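Please consult the sequence and the structure shown here before reading on.

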Amino acid sequence: MGFSLDFLLQGFATAFSAANLFWAFVGCLIGTMIGVLPGIGPSAGIAILLPITTMIPPTSGIIMMAAIYYGAMYGGSTTAIVVNIPGEASSVPTAIDGYEMAKQGRAGPALGICAIASFVAGTLGIVGLTLFAPMLSKVALAFGPPEYFALMFMSLSLIISLSGRALLKGIVAMSLGLLSSLIGQNPLTGAARLTFGSVDLMAGLNFISIIVGLFAISEVLINVEHAAARIYETKIKGWMPTWDDIRQSTGAMLRSSGIGFFLGLLPGCSPAVTTFIAYDVEKRVSKTPERFGKGAIEGVAAPEAANNATSTSGFVPLFAFGLPTGPPLAVLLGGLMMYGLQPGPMLFQQNPQFVWAVIASMYIGNVILLFLNLPLVGWWARIALIPFPILGPLIALFCIIGAYGIRFMVFDVWVALIFGAIGYLMRKLGFPVAPMVLATVLAPMLETSLQQSLLLSQGSWKIFFTRPIALAFMLLAFLSILRGMYVQFKTHAPEVALDDADE
């Protein structure tokens with residue numbers, strides 16, 4: 001597999017056909033709508049539309065499904081910023097600063113910078129996919145269970161940063177997240193844990209239900225308690241980001257694009273993980289880290305750039321080895337096989353016209369999404385102007401539909417409502433919510449890779465310190481923990497939760 005300018009130009013010729021342009025537009029539009037609605041997500045969206053794509057040619061079908069995937073990555077930030085409802089786990093870091101910007105009357109610039117960051121990261125990611133796929137595809141094969149555990153452990157250490165100065169409360173929130181992920185079956189043995197004889201609990205708690213509850217339901221409860229006329233009363237200050245906003249976010253976009261792209265090559269390293277890492281890195285390199293959590297525009301640009309770069313780089317192992325890096329790409333893999341296309345090294349040899357047409361369509365889709373999203377910024381931001389007595393019940397209704405739509409189980413609705421009450425109490429008591437979400441997202445892979453690693457080493461923990469990549473991640477994790485503890489010791493500040501929305 002290698003880069004070929006001739007094949008790329010042929011791919012553009014195919015992608016620019018009227019039919020393929022139409023399906024790319026349809027995919028971008030549907031993907032944006034799926035991203036905006038909480039709970040549905042790109043996996044369910046692609047799966048629902050998969051049968052429909054059998055009625056159109058294979059290249060058009062895959063172009064549309066790919067567009068749904070990266071279109072959902074664009075749209076996921078909208079409700080996170082405007083009404084503090086992250087539709088996906090990857091939008092949680094965006095909500096931290098995006099919602100604060102919205103409360104300051106800057107929802108428009110926050111949404112605009114999301115669209116621009118998504119476009120920049122998406123384009124850089126596609127360039128990387130086009131030029132460096134052969135070399136980068138080998139990165140995925142260098143990671144075994146010990147390397148994955150070390151990477152997840154390093155990601156978990158970000159909780160110190162996400163907790164702000166409320167470290168103890170952040171650790172308690174993390175413990176709750178890890179505990180909730182233990183409910184269900186052991187990923188390797190299948191043994192039931194904390195199910196108390198309940199059949200519903202055997203399936204475990206879906207983290208989308210948890211996120212919907214922690215953010216959306218608790219937000220509704222807080223506003224009901226305050227008898228709010230609107231979610232926030234601040235006058236809207238402009239619809240688009242200024243040049244100063246763009247200049248301020250440029251570094252964050254570029255750094256986070258790199259982080260998202262390289263980590264996105266690893267199977268299982270989903271946007272939900274890379275967005276938290278990018279947010280933490282941006283906070284650490286900032287000269288004014290105290291602005292993060294209070295409406296820093298870099299805190300919006302960084303996770304959005306990482307989100308889109310990750311979704312693009314996931315196509316490298318998918319095309320090169322048939323290795324999906326996350327649930328949406330696993331569904332897309334099913335779509336490829338449904339058309340009789342077997343991903344792997346021979347895909348580029350046997351179907352170059354198809355592969356390069358899909359890659360070329362991503363360039364076009366990225367431009368479509370920019371032009372589709374930027375003009376809608378003002379429209380989305382006006383959602384905040386809807387009176388809360390109308391908007392509140394609508395949010396609750398969408399949350400219930402979204403939670404039910406995950407697995408079509410009433411049980412998931414109850415999970416969202418229960419975690420809504422937990423989120424309400426956490427915010428009232430000043431507990432940060434983000435560490436709980438991150439722990440919930442990381443826990444399944446952390447546990448699986450730990451068990452697999454200990455099986456490989458026959459129970460020896462030395463395996464995490466004798467392999468170079470794993471050792472590097474473990475050292476970074478310990479350095480991150482020590483630095484966080486040093487900052488806590490140095491500040492001597494009273495505990496303040498990062499995302500205390502009740503203020």
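Predicted model: local features only at pLDDT ≥ 70, side-chain atom pairs only at ≥ 80, totals over all residues.

Helices (H or I, at least four residues) and strands (E, at least two) are taken here as DSSP runs, numbered from the N terminus. In these terms, L194 sits in the loop that runs between β2 (192-193) and α11 (199-202). F196 is found in the loop between β2 and α11 as well.

The largest nonpolar core comprises 51 residues, and L151, L214 and V437 are the ones that touch the most other members. The greatest contribution to this core comes from helix α23 (residues 434-456), which supplies eight residues. Apart from this core lies another, made up of 49 residues, including L8, M73, F354 and M362. Leaving aside residues up to four places away in sequence, L151 is in contact with F143, L263, L266, C269 and F473.

At the surface, a nonpolar patch is formed by L168, V172, L176, L179, L182, L194 and F196, which together have about 670 Å² of accessible area. Its members L194 and F196 may be taken in turn. L194 has a relative accessible area of 37% and is therefore partly exposed. F196 reaches 74% and, because exposed means over 50%, belongs to the exposed class.

The backbone deserves a final remark. Most residues other than glycine have a negative phi. F196, although not a glycine, has a positive phi of about 50 degrees. Q458 is likewise not a glycine and has a positive phi of about 55 degrees. Q458 lies in the loop between α23 and α24 (463-466), and its relative accessibility of 74% is why Q458 counts as exposed.

Methods
Residues numbered from 1 in each chain as written. Heavy atoms only, no water. Core = buried A, V, L, I, M, F, W, Y, C linked by side-chain atoms within 4.5 Å. Buried < 20%, exposed > 50% of the residue type's maximum accessible area, 1.4 Å probe, protein only. Contact = heavy atoms within 4.5 Å. Patch = residues over 30% accessible without salt bridge, like charges linked within 9 Å, V, L, I, M, F, W, Y side chains within 5 Å. Areas by Shrake-Rupley, 256 points an atom, 1.4 Å probe, with all protein chains shown as cover. Salt bridge = Lys/Arg side-chain N within 4 Å of Asp/Glu carboxyl O.
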